[in-house]
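Hi,

Here is the structure I promised to pass on. Have a look at it first, and then read my notes below.

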Amino acid sequence: MLENLTQKLDGAIKNLKGQGRISEINIATTIKEIRRALLDADVNYKVAKTITDEIKEEAIGQKVITSVKPGELFVKIVSDKLTELMGGEMKEINTQGSPGIILISGLQGSGKTTFTAKLGNLLKKKGKQILLAACDIYRPAAIDQLKALGEQIGIDVYAEPENKNALEIAQNAIKHAKSNGKSILIVDTAGRLAVDEAMMKEIEGLKRELNPSETLFVVDSMTGQDAVNTAKTFNDRLDFDGVVLTKLDGDSRGGAAISIKAVVDKPIKFIGTGEKMENIDIFHPDRMAKRILGMGDVISLVEKAQQAFDEEEAKRLDKKLRKNQLDFNDLLSQINQMKKLGSLKDIAGMIPGVGKMMKGKEIDDNAMVPMEAMILSMTPTEREKPEIIDSNRKKRIAQGSGTTIQQVNNLLKTREGIKGMMKMVNKSQSKKTKNKKKR
Ligand SMILES: Nc1nc2c(ncn2[C@@H]2O[C@H](COP(=O)(O)OP(=O)(O)OP(=O)(O)O)[C@@H](O)[C@H]2O)c(=O)[nH]1
Ligand SMILES: [Mg+2]
């Protein structure tokens, strides 16, 4: 996510790192480079100019604090400025009402339908009763798309395939939600290729009549400056409550994330980072700023992990680990858990330092595939008692999984490595408990 910008900002700030203090002279190049980096990332020109002017002013005005190096101080100033620019505090959505109604708007292909389902899934995990309404009456496949997603995440979808009146469908969906004990209704609507009057009228009418507790505007971050312009046009007509930036996982240069709040004065509330239902993040300006500056985002990573990991499964594994009984069934289950976290590249970017370390290196999301294939080629007994895997079995496993004997050997070694590590953890844990007992 936004690797290019991170890389360039890092380069710009590096110049300052060796300096004893920040001065008008040594900061000039850095500021210029930061501005260029922002412009290259498609940040709105005015926004880039204002923020760099402010950074400069603040940096020069800083008293010299001997304990803080100028480079670090400067990174902090930039991080604070970026945070402020992206809205400062995280802003929650309003789901009050019976049901609370969330209206989704945006251009064609921006990711509205995908987001409708992702948001439903997120709210469902928080224990809410969700209903999705299919109000895209133009594209015949739209209803089926939402229904398929609803089925996948176990959420009801209200649709009327024969009805050509979006407002009527939405109103019936509200009734349906009420009589079926649903607390939140998310309304997916139709998009157009470009802003056009008919679409604007329709979405305006929906907002007026439904009186939603929250109206969200979904925009594809890969469209760069256009994303900001469309947001402005929609906001002028719709006065929406928040922005959803999708496709931040792709080649998006990220400028939209940085400029939208400044230009439209509406907060970004969610970001989409992939096609899967789990690829949705609540937008936290401070965490995003840290991520952009390559400082990592451990909090988001932990939250993601907590969401993806099945607590029961974690407990079971922990028990086995402590008894030193880890087998390949467990490794397989770990691989499946990892997959739920999202792309390895995104995960790497969230760990401080790792994103930078991996810069320019391709992180292969398929790295786990051979490992998984090899484990799947083992018999149940082999997975439980890997020590019985002799050269004949190795050969069979390699053939079955399309790998080499060397790879099978490596996998077996990996397991030994994990076991060794666990032994160490166990030892230090038991020492800790012993110490506690002493006290
Ligand atoms: N990589 C990536 N793809 C996404 C994301 N969000 C949506 N997509 C993909 O973008 C395409 C369009 O998404 P939809 O949800 O159908 O978009 P829409 O706004 O409902 O489109 P219309 O109904 O035609 O107006 C689909 O292929 C999605 O899988 C995202 O965050 N990242
Ligand atoms: Mg759609």
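Let's start with one residue: is Ile268 buried or exposed? Ile268 is buried, as its relative accessible area is 2% (buried means under 20%, exposed over 50%, partly exposed in between, with a 1.4 Å probe and protein chains only).

Before going on, some housekeeping. This is a predicted model, where local features need pLDDT of at least 70 and side-chain atom pairs count only at pLDDT 80 or more, while totals for chains, interfaces and linings use all residues. Residues are numbered from 1 along each chain as its sequence is written, chains are lettered from A and ligands numbered from 1 in the order in which they are written, and side-chain values use heavy atoms, leaving out hydrogens and water.

Back to Ile268, which you'll find in strand S7 (helices are DSSP runs of H or I with at least four residues, strands are runs of E with at least two, and both are numbered from the N terminus). Setting aside neighbours within four places in sequence, Ile268 touches Val243, Leu245, Ala257, Ile260 and Phe283 (contact means heavy atoms within 4.5 Å). Gly87 is 181 residues away from Ile268 in sequence, yet their C-alpha atoms are 7.7 Å apart in space.

Next, the rings. The whole structure has three aromatic pairs (Phe, Tyr and Trp rings, the six-membered one for Trp, pair if their centres lie within 6.5 Å; planes under 30 degrees apart are stacked, over 60 edge-to-face, the rest tilted). Phe115 and Phe270 make a tilted pair, because their centres are 5.5 Å apart and their planes are at 55 degrees. Phe115 sits in helix H5 (residues 112-125) and Phe270 in strand S7 (residues 268-272), so this pair ties together parts 155 residues apart in sequence. Phe115 is buried at 3% relative accessibility, and Phe270 is buried at 5%. Phe217 and Phe240 are stacked, with 5.2 Å between centres and 10 degrees between planes. Both Phe217 and Phe240 are buried, and ring pairs join Phe217, Phe234 and Phe240 into a cluster.

Last, two helices. H9 (residues 225-238) and H10 (residues 255-264) have axes that come within 9 Å and cross at roughly 30 degrees (axes are lines fitted to C-alpha atoms, for helices over the stretch in contact, with angles from 0 to 180 degrees between N-to-C directions). That makes H9 roughly parallel to H10 (under 35 degrees; over 145 is roughly antiparallel, 65 to 115 roughly perpendicular, the rest oblique).

Cheers
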